[in-house]
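Hi,

Here is the structure I promised to send over. Have a look at it first, and then read on for my notes.

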Amino acid sequence: MNQFGNIWNEISFSHKFIMIMMTIGFIGGIAGVTQWARKPDFGLLYGELNPKESGEIIELLKEENIPYQITGNGTTVLIPTEQIHEIRLRLASKGLPREESGYELLDKVGFGTSDFVQRINYRRAIQGELAKTIRHLDYIEWAQVHIAMPETSLFVEEEKPPTASVVLKLKTKSGGALRPEQVSSITHLVSSSIEGLKPENVTITDTRGNLLSKKESSSSNAGVSNDQLEVKKKVEEYFVAKAQDLLERIVGNGKAVVRVSADLDFKHIDEKLVDYDPERRVPKVQTVTTRVSGGAPFSGGGMPGMQANLNLSQSGIIQSVGSPEEEETAQTQYELSKTERIIANHGASLKRLSVAVLVDGTYEENKSEDGKIQKNYVPRSKDDMARIAALVKQAIGIDESSNRNDGFEIQNVQFYEPSFEQEEASMKKEQHKEFMLKMAKNGSLAITVLAFLLFVMRNIKKLKKGNKIEAQGSNVLVSAKNTNISERENKHSIAKDSDNNVDPVELRSQILRDIRKDPSLTANSLKKWIVADLPTGNK
């Protein structure tokens, strides 16, 4: 410590300032790296929150001293990834985020609640329960249900049916669209949950304003056209499934593609056939007429009255004049035997099929010189293709006669197989990048501390080396001073020797030899001599 103090006192002010500033910079760098290394990775806790729910969740996070971030204009809350599941469970235990209210609204009915409020709460409860049920579907992210239930009327003519509207937010995996059968399932789910609600009175839209439910009835032209398209699609899918299942068992999964186009006849035919059998007759009406001719009847007279009418009179004798003739005519009406048949054909009849089949070939694996396995495409033989075509025709019932004149085409082509080498390389690159980032994050603090220590040790070594050089310089000065003294004595001795008749040429050559031997020492000696010979005031 004393040595460091001595070194610190001996260095200049500029060196002290530089060391202080660099030390502050390193300390700040270490603090920044430490903060970055200790910063957690944030993940999504909840999104699409309203301001009230977001504020309640943030207050709870503050009470728990959990770091958080707010994005999406306050609708999204992020927390450390390792705490997401635990915090979600805590929030769920406290009823956050608050879901659509359901039948729990009916548990809060007060003593003085009016009938109107109870009916409103019942409607809200149904709306909430339906919204929660729809949200449980895989392709729905959010749902809102509105129900309009008119007041019941005493008159049937004035009674209005209930209606409902549903707003959906679709998940990205659904592609932003629903299939007609999915929309129909939601429609019937809502209509079956409300008494008196018909499916045609349910309107379904998405959050982008697209109308998903269709209002055309089955009797309208648009409704009939949609129904026909659905029937055509189902027929084509049926034939494709039969052919695809057969081909995949022969050539393998993913090695064949089948497409079918069906031409259907949607005419409604009502026929009435009446067959008459003339051999089989049944009498229906028979009329017999009898006529009498050839004589006139004679009747005797008498007293009119009751007695004559009762034939009690002996004088009433009927007499006939001449011989009578009788003519009898018979007329018979017969009903012929007949058979009536009424034929109604309201379904779709198949007029023609067009089938296209693609079949992949086989592949042979060959090992290349660099050790990689390569697949070479080998087309199928004509016999194989003919055998496959015959099986497919029999499976789906191809009729190539003049009745239907079905079309069938089969070809052997090489299927495109995507190479996963680039994807694997990119995945490895991303994994390597994440690993290096993690290593840099964990090792940056140690590297920074080590660099600071190396910097301090290097400066201390420089200071020690500078002190050593200064000490060596002082030793050189001392030795130079001693040398000057000895040279001065030699000078005096040389002078004395010169006084004693020393050869000046030899003295000059000796001085030159000393100068060539060590010029710097000679220069220092001359400098010291000049300074030493000067008066004290002129030094």
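How many bridges join β4 to strand β5, and do the two run parallel or antiparallel? There are eight bridges between β4 and β5 (residues 163-170), and these strands run antiparallel. Please keep in mind as you read that this is a predicted model.

**The sheet and its helices**

β4 and β5 belong to an open sheet of three strands, ordered β4-β5-β6, with mixed pairing. β4 (140-148) and β6 (202-206) are the edge strands, each pairing on one side only. From one strand to the next, the twist averages 15°. If you want a place to start looking, find Ile140, which stands opposite Leu170 in β5.

Helix α5 (residues 115-135) packs on this sheet and touches β4 and β5. The direction of α5 makes about 155° with that of β4. A further helix, α6 (residues 180-193), lies across β4, β5 and β6, and runs at about 135° to β6.

Within α6 you will find Thr187. Is this residue buried or exposed? Thr187 has a relative accessible area of 8%, and because buried means under 20%, it counts as buried. Leaving out residues up to four places away in sequence, Thr187 touches Pro199, Val202 and Ile204.

**The loop between β4 and β5**

Pro162 sits in the loop between β4 and β5. Pro162 is buried too, with a relative accessible area of 12%. Which residues is Pro162 in contact with, once neighbours within four places in sequence are set aside? They are Ala148, Met149, Pro150, Glu195, Gly196, Leu197 and Asn201.

Now to α4 (residues 84-93), where Ile84, Ile87 and Leu91 are buried. Why do these three share a side of the helix? They cover an arc of only 70° around the axis, which puts them on the same side of α4. The general rule behind this is that an α-helix has 3.6 residues a turn, so residues three or four places apart point the same way. The cover over the buried residues of α4 includes β1 (42-46), α3 (51-63) and β3 (76-80). On the other side of α4, the exposed residues are His85, Leu89, Ala92 and Ser93. Just after this helix, Gly95 takes a positive phi of about 75°.

Gln244 is part of helix α7 (residues 221-251). With a relative accessible area of 16%, Gln244 is buried. What lies 2.7 Å from a polar atom of the Gln244 side chain? It is the backbone oxygen of Ala256. Beyond four places in sequence, Gln244 is in contact with Ala256, Val257 and Val258.

The chain has a mean pLDDT of 75, with 68% of its residues reaching 70 or more. Where in the chain is confidence lowest, and where is it highest? The lowest is in strand β10 (residues 318-321), with a mean of 46, and the highest is in strand β15 (residues 407-412), at 94. Over residues 310-321 pLDDT stays under 50, and the model has 13 contacts beyond four places in sequence for them.

Best wishes

Conventions
Residues numbered from 1 in each chain as written. Predicted model: local features only at pLDDT ≥ 70, side-chain atom pairs only at ≥ 80, totals over all residues. Heavy atoms only, no water. Buried < 20%, exposed > 50% of the residue type's maximum accessible area, 1.4 Å probe, protein only. Helix = DSSP H or I, 4+ residues; strand = E, 2+ residues; numbered from the N terminus. Arc of directions from axis to C-beta. Contact = heavy atoms within 4.5 Å. Pairing = 2+ DSSP bridges. Axes fitted to C-alpha atoms, helices over the stretch in contact; angles between N-to-C directions. Polar contact = N/O pair within 3.5 Å; in protein donor to acceptor, adjacent residues only side chain to side chain. pLDDT = per-residue confidence, 0-100.
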